[in-house]
Amino acid sequence: MSANISFQARYYLREKMDHAYKKVAVNSASTALLLRHTSNLGFDQEKFKRANLLGMDMYANPLGAGRYPDGHDKRYSDLSFKKESPYAKVLAMFENIPRMRKIIEEEIVPLVKAARKAGIRIMYVIDGWEAACKYPQWHELNRKVTALGPDCLPHVDGAWRKELEDEIFMPNFQEALAELSRVIDIAPPLEPLPDDWIVTNHYQAKYLLSANKISDVLHAGFDTNFGMFYSIAGIHRFCRTTRNFILRDCTTALERTDTVQQEQLKETSLWVMEAALRCYSASGKEIAREINSPIRA
Amino acid sequence: MQELTLKLPVRYYRRGGVDWRTGRLDAKSAGEFVKEITLTTKNTAITIMHGAVREFGRPGRSGLENYFSDWRSRQSEVIEQHIAPLFQKARKAGIRILYNMAGYERIHAHPNYTMINNLAIRALADKPDTVQGPPDAAFGYCADKAKDLWRDSVGCSASELSGYFTATQYPESISPRPEDWVAEETVQSAAVFREHGIGNLLMTGFDACGCLMTTAGGLLHMAPLGYRCVIVEDCVEAAEAPWTREGKRVKACMLKTMQLFGMCGIIHSNAILKALEDAGKPGERTI
């Protein structure tokens with residue numbers, strides 16, 4: 001299946017020092033939609049509530065619209081932590097969980113549906129979680145492409161780090177994070193299909209992209225300012241290879257007390273990716289609309 | 001040279017928690033705080049990412065002057081007013097300086113390059129290949145598309161752009177000395193630091209929204225190896241848009257992000273200069 005999809009792309013025109021726009025066309029056969037860290041954090045509200053995880057309804061705020069019926073595939077993570085569980089404290093450090101869930105439900109799910117319809121390949125990037133092991137397609141890929149990573153380089157004693165992390169995050173942060181990584185999985189409404197790609201690093205991503213002659217990559221997922229930007233499969237790893245489009249409405253950043261009001265870290269990260277990392281940005285909603293348009297149908 | 005103990009007031013960010021009743025960050029538990037860290041002139045190095053100044057003067061591309069002239073003037077100010085004084089005092093105290101020169105041809109002419117590269121080769125001698133993935137060249141089939149943004153945004157490809165720079169050299173005030181270290185790969189930096197027992201890095205250079213973070217030897221390569229990284233905020237600079245220039249919002253947000261994810265602390269060079277001064281006073285503790 002192959003279809004041409006055109007949409008408006010934004011970029012930073014250095015000569016004018018301002019944003020500029022142009023219409024671009026991609027062919028679905030040579031395009032992939034890359035979903036970064038679209039996790040189940042914040043889903044499965046019933047389990048959260050039943051376990052009295054945080055002692056309150058995590059989604060009582062207006063951002064937490066939408067619910068999923070309990071009792072879906074048990075393969076998805078079990079986030080029924082005890083109230084005193086360190087997991088609960090870890091989760092409380094991700095202030096963007098409600099925003100992520102809203103974006104997954106309202107923007108990414110319709111886009112993925114449209115992308116599948118058009119024949120665009122879906123790639124899930126889940127580095128740092130153990131969930132990849134659950135997917136047969138990842139094992140097959142991992143046999144072909146493995147990344148041993150920075151363990152091969154000379155390390156120094158990082159004992160100071162634990163003390164710092166206890167202070168800036170929480171006591172025993174790494175242990176709690178490691179435990180959490182065992183139960184994080186892909187968000188239920190984005191359940192991968194058997195022929196979707198699951199990767200845990202950019203080497204695997206690039207292997208699949210080049211082997212399938214993918215030249216255009218649509219990037220969605222989290223966090224705009226770290227996972228999408230800097231992680232082992234971050235966008236800076238792709239800027240010398242494919243043509244990249246960041247989907248502005250399909251991402252959000254982890255913000256701080258002094259930036260959260262205007263989502264400054266998200267906006268700045270988008271600008272840096274446009275101006276310095278050679279990426280276009282686009283609207284996921286527009287792409288989905290274009291695919292679903294009556295003329296095309 | 002006598003080893004001095006330095007006490008540095010470094011700013012970190014405490015992540016805190018969210019009050020889910022409001023969905024808002026709890027301002028009481030989250031925010032920036034100062035933590036005093038103790039290090040020595042022997043176990044600490046200063047790194048500078050891409051400190052060479054590129055003169056943009058080739059005729060015919062004046063359309064790009066806006067972007068680069070703004071950037072260049074700010075870079076020069078940072079070098080002369082902040083980095084140069086820091087280097088001068090640090091050298092006197094015995095702190096070593098490493099120049100990250102990824103992409104600079106002149107790196108191979110530095111007297112220490114071969115020594116450092118040999119250390120790196122030795123460090124990797126018994127290690128397996130780090131990756132088994134396709135090289136960037138495997139994407140030759142989409143080279144035209146990949147260059148699209150550069151043509152739109154800059155008007156030429158990245159390699160063509162480098163041809164418009166008439167010079168790439170360090171200003172005299174911060175130019176590398178024979179005793180300094182130079183590196184173009186993370187493993188070279190890591191190998192020379194290990195050889196000299198260095199675990200603390202005071203990071204300077206350009207720019208805060210790109211190479212300082214992502215290029216070999218940058219923050220995101222060194223922090224995962226166990227190095228305690230501290231960014232010297234007035235010794236770095238970032239590209240800015242007209243609407244972010246006031247308050248240098250891009251630079252500020254990049255540093256805030258790194259603090260937020262626990263990758264680094266932040267300090268002003270004045271605090272380092274003061275610590276060096278205090279450490280050098282008679283009666284101050286040395287080790």
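A:Met17 is partly exposed, with 16 other C-beta atoms within 10 Å. On that scale a residue is buried if 20 or more other C-beta atoms lie within 10 Å of its own, exposed if 12 or fewer, and partly exposed in between, with C-beta atoms placed from the backbone.

Before I go on, this is a predicted model, where local features need pLDDT of at least 70, side-chain atom pairs count only at pLDDT 80 or more, and totals for chains, interfaces and linings use all residues. Residues are numbered from 1 along each chain as its sequence is written, and chains are lettered from A and ligands numbered from 1 in the order in which they are written.

Back to A:Met17. Its phi is near 55°, positive in a residue other than glycine. A:Met17 sits in the loop between strand E1 (4-13) and strand E2 (18-27) of chain A. Helices (H or I, at least four residues) and strands (E, at least two) are DSSP runs, numbered from the N terminus.

A:Glu263 also has a positive phi, about 50°, and is not a glycine. Its loop runs between strand E7 (243-252) and helix H9 (264-275) of chain A. A:Glu263 is partly exposed, with 18 other C-beta atoms within 10 Å.

Now the peptide bonds. Most residues other than glycine have a negative phi, and most peptide bonds are trans.

In chain A, a cis bond joins A:Phe222 and A:Asp223, with omega about -20°. A:Asp223 lies in the loop between strand E6 (216-222) and helix H8 (227-230).

In chain B, B:Phe206 and B:Asp207 are joined by a cis peptide bond, omega about -15°. The loop holding B:Asp207 lies between strand E10 (200-206) and helix H7 (211-214).
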